[in-house]
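Here's a quick briefing to read alongside the model. Have the viewer open and follow the topics in order.

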Amino acid sequence: MSASGRPGDEAVDRPRQGTAPLLSARGLRLAFGGVKAADGIDLDVMPGEFLAIIGPNGAGKTTFINMTTGYLRPQAGSISYDGQPILGLSPRAIVARGIGRSFQLPQLFTEHTVLENAALAIAARAGLWSPLAPLLRPAWRTEAMAVLDRFGLAPLAGQRADALNEGARKLADIAMAVALQPRLLLMDEPTSGVAAAEKMGVVETLVRVLREAKVTAVFVEHDMEVVERFADRVAVWSQGRIAALGPPATVLKDPAVLRDVIGIEPPTGPPAGLPARESGHA
Amino acid sequence: MSGDRDAPAAAPAHVQVHAQGPAGVTLAREGALALLAAAAAILVAWAVPWLKFVLTLALAKGIAVLGILLLLRAGQVSFGHAMFLATGAYTVAFVAPRIEEVLLLLPLAMLLATLLGLAVGLFVVRYRDIFFGMLNLALSMVLYSLLEKLYDYTKGTDGIRVAALRFAGTVPGRETQEWLMFGLALLLAIGFGLLVRAYLGSPMGRALAGIKTRETRLEFMGISARRVLLFAYVLSALMGGAAGALVAMTSRHVTPQLAYWTSSGELVFIAILGGAGSALGPFLGAAGFELVRVYAAAAVAEAWQLILGSVLLLVILFAPGGIWGMLSGRLRGRGA
């Protein structure tokens, strides 16, 4: 275990404070009718960090992922990735720049095997669209098996994707995104629907693989134990705004966060001394 | 969780998906079945000469239905695909007076159907489900109307008679010509069957199936679902053109009925009857369809459609995988 105490920290660079952000969002606004899903979102994601997004349902967490990956276009604001503007690009163009995503409901090709799902992601990355050569050609098959092996899914490679349990489906969904070799991965509730007994195992596997691959990650999460153990920073979403941002150790002690987001009454006593927003990245 | 990081990434022994078709039947068994079906067709054509004509048409329609099968893999049904069959047939009818050579007419018919497929496909692949099906139907009815109304060029519903054609420069006798057409149809059926099988196992083919289940995911993998569907659509148009050319060369008479919506419905009917699980399904379905039609028409001339409809109903109720589904189930049962 590293000095920080976080699993998988040994093999990776920590978030590089002071360097240019990998992803930078400024003044993002988007409303659905009268509901403000994004109401002036400013956020920087630093290279190598694991940023957790927490907040109540409807706060705009998934909307942020959808805007960043080109699925939704904000009504105002800007998003840049690696210093280049990406607003207005299609999801395909954004994927090509190195941003991957996984989904709250795993988006696997259910008629395909797990191995074919992973191999198809590798084929997509390779851009080789020969209509006659087989998908499971030796090189892609080997690479797909290697990706699945890293996620502990190799024994399930021959199973149809719709036969997996929820934990395996989540990992397979993320494995497909990782097979695209993104530099930034946005994950929407990677542990939702996963049985409590297997949740920590799923996250530990996930974090280890992403750290090894030096992938920067942003993930929406409702489990505060997962956030506390695995996130470098946490952003608290509330009504389309970032209500708090900082290390989990401090943000998760904020009385307002405890009361409004986590839904528990903060312990009485001296104030935690948490600033409402951390200056710097956001 | 995943054990040794240096563990070999080779597939476990039980991962055999590469050697199996979508229905789980091995390539060897499917190939053996295809060879058996081809041998049976030749035997029947030799033993019952008048069935040669029926089987040639069945093979031609099977080729067109292969195109329907591709679209079915993407979860899309075209109710207008006969327009490509009609394009191939009318290409032969229009050009045959100037070029009598089958080996030139066939690729020309395929080329024109492919170009039409590209033009139509660029428009229709933007739509899905019922809109995709109905747009195809609408466009095929436009072609039907043109073929019917432009009498000076198409002779309307009278149709165009196709003159005797040359094979590699020679004009064979009637019996030989029938065998040549049958052989050509069989050769094309095998060729297109192999092509479709390889295509469906390729990244493009697997992405095509992905349109049916997770089109959004394809986009987030950097894959254009429209381009994937367009390629399949154009390929299906090419096969429709080949089928139309074979129909025109075999029946030696083309009419606008070839483009009518019932002809497209017939192709979908055959696809369901044969089953979409294998490239062999369309040919099994086409043979079944033509044989049921011939014998039903002979037995109950006024109600043969009733018998055809009943057959389809029975297939949908008791064998939703079609003839291929029944066969592959038995093969898997034996293999177990």
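**Around helix α6 of chain A**

Lys214(A) counts as exposed, with 12 C-beta neighbours inside 10 Å (the cut-offs: buried means 20 or more other C-beta atoms within 10 Å of a residue's own, exposed means 12 or fewer, partly exposed is in between, and C-beta atoms are placed from the backbone). Keep in mind that this is a predicted model, where local features need pLDDT of at least 70 and side-chain atom pairs count only at pLDDT 80 or more, while totals for chains, interfaces and linings use all residues. Residues are numbered from 1 along each chain as its sequence is written, and chains are lettered from A and ligands numbered from 1 in the order in which they are written.

- Lys214(A) isn't a glycine, yet its phi is positive, near 55°.
- You'll find Lys214(A) in the loop between α6 and β8 (216-220) of chain A; helices (H or I, at least four residues) and strands (E, at least two) are DSSP runs, numbered from the N terminus.
- Glu189(A) is another non-glycine with a positive phi, about 50°, and its loop runs between β7 (184-188) and α6 (196-212) of chain A.
- Is Glu189(A) buried or exposed? Glu189(A) is buried, because 21 other C-beta atoms lie within 10 Å.

**Helix α6**

- α6(A) has 17 residues and spans 25 Å from its first C-alpha to its last, close to the expected 24 Å (expected span is 1.5 Å times one less than the number of residues).
- Buried residues in α6(A) include Val202(A), Leu206(A), Arg208(A) and Arg211(A).
- Among the elements covering the buried residues of α6(A) are α4, α5 (166-179) and α7 (224-230) of chain A, along with β7 and β8.

**The hairpin**

- Strands β1 (residues 23-32) and β2 (residues 35-45) of chain A pair antiparallel over eight bridges; two strands pair if DSSP finds at least two bridges between them.
- Leu23(A) has Val45(A) as its bridge partner in β2(A).
- Two residues sit between the strands of this hairpin, and Gly33(A) takes a positive phi near 65°.

**Chain A against chain B**

- The contact takes 43 residues from chain A and 33 residues from chain B, where contact means C-beta atoms, placed from the backbone, within 7 Å.
- On the chain A side, the elements giving two or more residues are α2 (91-97), α3 (114-126), α4 (138-150) and α6.
- That side of chain A divides into 25 nonpolar, eleven polar and seven charged residues (nonpolar: Ala, Val, Leu, Ile, Met, Phe, Trp, Tyr, Cys and Pro; charged: Asp, Glu, Lys and Arg; polar: the others, Gly among them).

How values were computed
Two residues are in contact if their C-beta atoms, placed from the backbone, lie within 7 Å.
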